[in-house]
Amino acid sequence: MTYGDRRAERVKLDTRHPVNLMGVDGTWRRSCILLDVSQSGARLEVDGTLDVLKAQEFFLVLSSRGLAFRRCELVRVDGSEIGVRFIEERKRKGRAVIPK
């Protein structure tokens, strides 16, 4: 199942999976429900106002202790539902230079 220009197939979840969104700087947090997920992104139902999402970039916290998370960017807003794209760490070419 693909939608628009999605590159990865989404898995729709049959049960409600509570997760959180958190600001990159840690100053805000929003409860939400994970509706579907793929390797490249997710669709979420957000509790409360969406004004904090103006930052465009935040963390999707998947565990209650915060040990499982993905860095995201906002792709779309549709009422209380949002679409996010997971941001992958850029792989650096070459070898690291260690200062002496």
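Tutor: Let us begin with one side chain in this predicted model. Phe69 has a relative accessible area of 45% and is therefore partly exposed, since that class lies between the buried limit of 20% and the exposed limit of 50%.

Student: With which residue does Phe69 form an aromatic pair?

Tutor: Ring pairs are judged by the distance between centres and the angle between planes. Count first: there are 2 aromatic pairs by this rule. In one, the ring centres of Trp28 and Phe58 are 6.1 Å apart and the planes meet at 65°, so this pair is edge-to-face. Trp28 lies in the loop between strand 1 and strand 2, and Phe58 in strand 4, 30 residues apart. Trp28 is buried at 14% relative accessible area, and Phe58 is buried at 0%. Phe69 pairs with Phe59, also edge-to-face, at 5.3 Å centre to centre and 85° between the planes. This pair links strand 4, which holds Phe59, to strand 5, which holds Phe69, across 10 residues.

Student: Is Phe59 buried or exposed?

Tutor: Phe59 has 15% relative accessibility, so it counts as buried, the limit being under 20%.

Student: What can be read about Ser38 in its loop?

Tutor: Ser38 lies between strand 2 and strand 3 and is buried, at 10% relative accessibility. A polar atom of the Ser38 side chain is 3.1 Å from the backbone nitrogen of Ser40.

How values were computed
Residues are numbered from 1 along each chain as its sequence is written. This is a predicted model: local features need pLDDT of at least 70, side-chain atom pairs count only at pLDDT 80 or more; totals for chains, interfaces and linings use all residues. Side-chain values use heavy atoms; hydrogens and water are left out. Helices (H or I, at least four residues) and strands (E, at least two) are DSSP runs, numbered from the N terminus. Buried means under 20% relative accessible area, exposed over 50%, partly exposed in between (1.4 Å probe, protein chains only). A polar contact is a pair of N or O atoms within 3.5 Å; within protein, one must be able to donate a hydrogen and the other to accept it, and residues adjacent in sequence count only if both atoms are side-chain atoms. Rings of Phe, Tyr and Trp (its six-membered ring) pair if their centres lie within 6.5 Å; planes under 30 degrees apart count as stacked, over 60 as edge-to-face and the rest as tilted.
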